[in-house]
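Q: Could you take me through one part of this model slowly? I would like some overall context, and then a close look at a single position.

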Amino acid sequence: MTGRGIAFAGFFALLLSAAKLTGSREIGLTALSLGLILAYSLVSALWTACCVRYRVETPSFGLIRGESASFALYVRGFRLFPAVLYLQASLNDCTFPRCAFQLKLGEREQAFQVPVDCPHHGIWQMQLRRLKVRDLFGLFSFPPLAYRRYGRDPYPLAVYPRLTGNGESSIRLPSDTAYSEEHLIPAERGDSSAGVRAYRQGDSMKRIHWKVTAKMREMYSRQYETPADPYALVLLDYACPLAAVDDPLERGDRLCECAGEIALYYAQREETVCLRLPGMENGELRLEGQADIPALYEFLTAAPLQEKSELSFAVAEIFRHLDAIHTLYVVSDRADEELQRELSGIAHRCPVVWILPQESPEGMPLKTYEEGLLLVSVSEAKQLSVMLGEGL
């Protein structure tokens, strides 16, 4: 029973007592009328709660961060009395305002659209927090029997990062890294052998060239050759101590969308780009054209925000593969002097752009050069599309 129903029942009890004490026929008729209303409200709410069945359909498309979508609630079952359905949905810990829908009489199925939105990207769990049936007078409220049994299961909803892209100009590659199918470069893995080199700690035993090792009496490992298709490498420092900042989800959005804008820019121009998230299992995605763009959205959406950064280890590993990288982009908003020194060492062999997603005083992107590094501070990820088109 609702608060209104409790007050209504109390007033009914007072009138009934007054009718018995005074013997007034008018008060008795009034109490009888209120009693009939009370009984009708109880029966209608109970009947609808027991007979209503429902099913939920989440959007067939992904929700873009900051936009709104809606999920469908289908209600069926024979409804002998008119009633009102109240519900409240949530995405993880974000609860939306309560919605109310009128249930019509009859057996036909009714469909209701419940709006949802989310300010952050990721895989969210949508759930019906509250689902209740009330009579038209709002005196009684009951959860549907089907909800008590099955209604608490969450429904996954993908919220993708907001990427804008820019199709105005093509990327300009350095002339000394032009693509050539005939030119081959040594690599740590591949299909065809290109020679041998001295054994390094950590090399797999499967790579040991035993004949050369036995002849030279020193361990040698195989080298392989791969086509020298230069690609852009984007390192995303997608890590944030959750207790160290006020809004880690907002910070994660900025980092992901800045890295996504760079990868999207290259993919739209059919240029090869590799997006890598250090410290994550299967944290690497290679895009070679527009056909891979959906995979980019899915990759960024499913990536979990890490507590500890592994960016320094990833930078140290890059030195082995610099011959195949024409531009290195590092997306990180952490000021780390040691990391800056390591990137400066790479900048002597390969252009390095350090993207700093943070608010600038005037809200405009800032570009500075320090020790061979190009430091770019942006307040919005979409600013990168324009800057890349201008030859960033």
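How many helices and strands does the protein chain have? And around V352, which residues does its side of the fold bring into contact?

A: Happy to. This is a predicted model, and its protein chain has nine helices and 20 strands. Of the 392 residues in the protein chain, 45% are buried. Among the contacts with a separation of 6 or more, 67% are between residues 24 or more positions apart.

Now to your position. V352 lies in strand β18, which covers residues 352-357. With a relative accessibility of 3%, V352 counts as buried, because the cut-off for buried is under 20%. Leaving out residues up to four places away in sequence, V352 touches L328, L343, I346, A347, L373 and L374. There is also a C-alpha distance to look at: V352 and H326 are 26 residues apart along the chain, and their C-alpha atoms are separated by 9.2 Å.

M205 sits in the loop between β12 (192-198) and α4 (210-216). Its relative accessible area is 48%, so M205 is partly exposed. Together with Y199, W210 and M219, M205 makes a nonpolar surface patch of about 410 Å².

Elsewhere, strand pairing is worth a look. Strand β1 (residues 53-57) runs antiparallel to strand β3 (residues 68-76), and five bridges join them. Within this pairing, Y54 has V75 in β3 as its bridge partner. β3 also pairs with strand β7 (residues 110-117), again in the antiparallel sense, over eight bridges. Here F71 stands opposite V114 in β7.

Finally, a word on confidence. The mean pLDDT of the protein chain is 76, and 82% of its residues reach 70 or more. Confidence is highest in strand β15 (residues 273-276), at a mean of 90, and lowest in strand β11 (residues 180-187), at 35. Over residues 167-192 pLDDT stays under 50, although the model has 51 contacts beyond four places in sequence for that stretch. Where pLDDT is low, predicted coordinates should not be read in detail. Please keep that in mind when you look at residues 167-192, where pLDDT is under 50.

Notes:
Residues numbered from 1 in each chain as written. Predicted model: local features only at pLDDT ≥ 70, side-chain atom pairs only at ≥ 80, totals over all residues. Heavy atoms only, no water. Helix = DSSP H or I, 4+ residues; strand = E, 2+ residues; numbered from the N terminus. Buried < 20%, exposed > 50% of the residue type's maximum accessible area, 1.4 Å probe, protein only. Contact = heavy atoms within 4.5 Å. Pairing = 2+ DSSP bridges. pLDDT = per-residue confidence, 0-100. Patch = residues over 30% accessible without salt bridge, like charges linked within 9 Å, V, L, I, M, F, W, Y side chains within 5 Å. Areas by Shrake-Rupley, 256 points an atom, 1.4 Å probe, with all protein chains shown as cover. Salt bridge = Lys/Arg side-chain N within 4 Å of Asp/Glu carboxyl O.
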